[in-house]
Amino acid sequence: MIYSTKKILIPGSLDELGLNLSLPRLESESLGDYRKRLLLEVRDPSGPTQDQFCRNLSRRVGLVDVPVFEIGLKLSGGVPLAVDPLVEVTSNFLRLYHDVDDEPEFEINLTEVKFLNDVYALISGSTYFDVEILDTDYDYKRSLSLRYCKSTKFMDTEFLNNSRQNRLTKSLIADIYPNDMEAFQNEIFDLNFVDDGDYYVDYLNGVIFSKVPMKGYLSYSYREFPFTMFWNQVRSFPFNDNDKNHRIMDLVNNDVSEPKILNSYGASIVNEILEVSSLEWGK
Amino acid sequence: MSFRAQKLLNNFPSWSKARRDRSSVASRVFDSFSTYFDFAHAELVKLKDYNYVLKEGLGHPFVNVVHIDPLAFTVSKSGKVIWEYPTVTADAIELTRVEYLEDLFWSVPTRISELETIAIASFDASSGVIDKPDKLLVRVSGSDTFEKYHPITNPLCPNRHQLIISGKDINGIAWIEHLKIPDDDIYRTENIWSEIDSVEEEGFDGDIELWIHSALGTVKDRYRLGVTDRVEGDLKLNYSYSDYSYLTFYTDIIKSGVNYRTGTVPDVNTDEIWESNLTDLDGLTFEIVDLAINPNSLRYYAVDTDGVIHVYEPNIAVFSPNSLPYTKESVIEIQPLKPSAIFNEEMRLFTWFEKPLYPINSVQIRRVSPSNIVNYLQSDKTWGVGAYSFPYSKDPETALPEETWQDITFNSVFDEFGQWEFYCDARCNGTTYTSFSAVLCEELRSVADFETGLEATGIYFDHADRLCICTANSIVIYQEFGDYYLASEKESLLYLREDYDSVDVT
């Protein structure tokens, strides 16, 4: 007599670890893949922040995001050519800025440039950025699946040594927010300290000097370069992202091209939202 | 024979036969139950890593269940229930019934199947992208000095001996691993690496090699303890070939480089425990290329020059009781250089006038081969069929007992698998005292052989417990299958180890 079988997963130590990490094993998942997923969760943990949510969605269904491009800064004499570089991937756009206060060097509409090989072809000729390919199979991956991300990061707490000089773990610092009011009173732009409370920040290399020994901790924002761009297997982005309008609204040309009216795709999304919550919203 | 039995025997004095001679009665008694300690030790090693996400040996992920009609049974006259088990065939393969759950998961694999082939540009993983992300093999060799803290001569020494490896892990996350290096040896990284950026050494001056895998001639068995009558430590295996492939089990005498690598290094730092000759399923010889240990079943897997994988249950043979009688009290003992021999090895043996209480009149030395052929040591130190008695050194009527016999050395060639027995008959004052000692030329026969047809250069188990065969420029990954089933009589269930498309139960 012919019988069919039913698979029963055997609980092991990895399942116990997965229980602690809220990552149960999937039915068809091998223990090697499961361990890889758990390791990712341990070293790059999930969390409530927007960044963590976007990073960690794929692993919930047993998929792992793929690093595709690494964007570095072109240097001249050891100094980046870009004054205030920024790379951002929004819901629909990829933008590369050499100076945040200026127009982007590249602004690529990911709904129009469909594949990553086209994206690479556009940005590889950048004056300010080096682009390295990390995934040899990148060519026909959808560009719209690039992970929602930004190269500007924030370090919440970094403790300082009780010293007049401290090297931060990150470089390419944008701004610092110290809590030691005694050492950080007056920022100067060379190393000729005059008064107690004078301090100097080497923003390029992430080194801080002060006349009075520092203590406590500080927070700071920095630019993460080389910056790795990931290809999401399960992609998410904030619904209040401004660039989202390019997908769900039609452009109305009144001398200024600006998204104005919901298109059919946008209407269907809004209807789904209203089914869940009928509160009036938005513009 | 148990590795841990020697640990118990080391409680005896160092001169005692129990501690020195593994063929002694005491050693055999301890062997009878110490194999369970070996098993328990291995389980404790696995348990230590239970909650460690990067552990070796992931276990078995699933079992397949089949609901069948209730099994038929008969009841014997003594009241015992005798079940009638069905014939189970799955995908045209007849499954073998096992009694216990452990046997269902960990019985000898019945077949292997190629999963994937990965091209490898270079097995050297010292820097750059690693073609097959895995835990890396690290060899530290040629160290002259391990730095040691001293308040006057070396006050700044941090007393750390480590490798600092930085790179990216299997998920592309930047990672740094500090690998402790107590001495020149072969290690495995804990992290699974996909790219190496840098490797720095701290506290020693040896040469560092990182490999995806390489047949280095030595494998460390972390699940078993290496114990000799002098030292104990990690069990290591050296594999070689000479007529037959053979394994040498040994352990290091001095474990820590900082204790002896101070500019000069002794020639020998190993203490040999045992040697086993390897044969295939049919008892034939092969030339070994590499050896690996399955982290789940703890079996040894050897690959030969023809690409055939041989699977071994690593149970070292036990000495058998003597085939000829010997006396309770002995005067002269025969001491072999080692308790085990490689096939066709010529080994030196020694007599030891252990108890010079009685004057010696004559000494006869007998040897019994595994096929029960008795030979006598002749005057020219060769072996012959005729009995020969060595005369006393000085007249026993007038000389002191210790002057009547001068210990001798002689050789024996072990050209047959099995237990070789040595008897020494010492005649004193009309009484013959006979001692017994043995040497085992062990044949470790494989329990399964699998042909791959590859020109193998290495074998290992990767981070996901898959069997990998290395060739010159690729790694071929295999999956092992065990076609077994376990019947649950009361629940009318069959548990199958593997996935099958259809299962036929008759």
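Buried area is the accessible area, taken with a 1.4 Å probe, that two parts lose on being put together, summed over both. The exercises below apply to a predicted model.

**Exercise 1. Describe the extent of the interface between chain B and chain A.**

Solution. 
- Step 1: take the area. About 2,900 Å² is buried between chain B and chain A, and carbon and sulfur atoms account for 58% of it.
- Step 2: find where chain B contributes.
- Step 3: list the residues in contact. Chain B supplies 37 residues and chain A supplies 27 residues.

**Exercise 2. Identify the polar interactions across the interface and the elements of chain B that touch chain A.**

Solution. 
- Step 1: count the polar contacts. There are 17 residue pairs in polar contact between the two chains, with both residues at pLDDT 80 or more.
- Step 2: count the salt bridges. Three are found across the interface. One of the residue pairs that form a salt bridge is Asp169(B) with Arg43(A), whose closest N and O atoms are 2.8 Å apart.
- Step 3: assign elements. Strands S1 (62-67), S10 (162-169) and S38 (503-505) of chain B each give two or more residues to the side that touches chain A. The largest share, six residues, comes from S1(B).
- Step 4: sort the chain B side by class. It has 21 nonpolar, ten polar and six charged residues.

**Exercise 3. Determine in which sense S1(B) pairs with strand S2 of chain A, and over how many bridges.**

Solution. 
- Step 1: read the pairing. S2 of chain A, residues 6-9, pairs with S1(B) in the antiparallel sense, over four bridges.
- Step 2: Lys6(A) has Val65(B) as its bridge partner in S1(B).

**Exercise 4. Decide whether Ser412(B) is buried or exposed, and describe its surroundings.**

Solution. 
- Step 1: locate the residue. Ser412(B) lies in strand S28 of chain B, residues 409-414.
- Step 2: apply the cut-off. Buried means under 20% relative accessible area. Ser412(B) has 1% relative accessibility, so it counts as buried.
- Step 3: list its neighbours. Leaving out residues up to four places away in sequence, Ser412(B) touches Glu345(B), Glu346(B), Met347(B), Leu349(B), Arg367(B), Trp383(B) and Phe422(B).
- Step 4: look for a polar partner. The side chains of Ser412(B) and Arg367(B) are joined by a polar contact of 2.9 Å.

**Exercise 5. Characterise strand S22 of chain B and its pairing with S23(B).**

Solution. 
- Step 1: check the cover. S22(B), residues 332-336, has four of its five residues buried.
- Step 2: read the pairing. S22(B) and S23(B), residues 345-353, run antiparallel and are joined by five bridges.

Definitions and conventions. Residues numbered from 1 in each chain as written. Chains lettered and ligands numbered in written order. Predicted model: local features only at pLDDT ≥ 70, side-chain atom pairs only at ≥ 80, totals over all residues. Heavy atoms only, no water. Contact = heavy atoms within 4.5 Å. Salt bridge = Lys/Arg side-chain N within 4 Å of Asp/Glu carboxyl O. Polar contact = N/O pair within 3.5 Å; in protein donor to acceptor, adjacent residues only side chain to side chain. Nonpolar A, V, L, I, M, F, W, Y, C, P; charged D, E, K, R; others polar. Pairing = 2+ DSSP bridges. Buried < 20%, exposed > 50% of the residue type's maximum accessible area, 1.4 Å probe, protein only.
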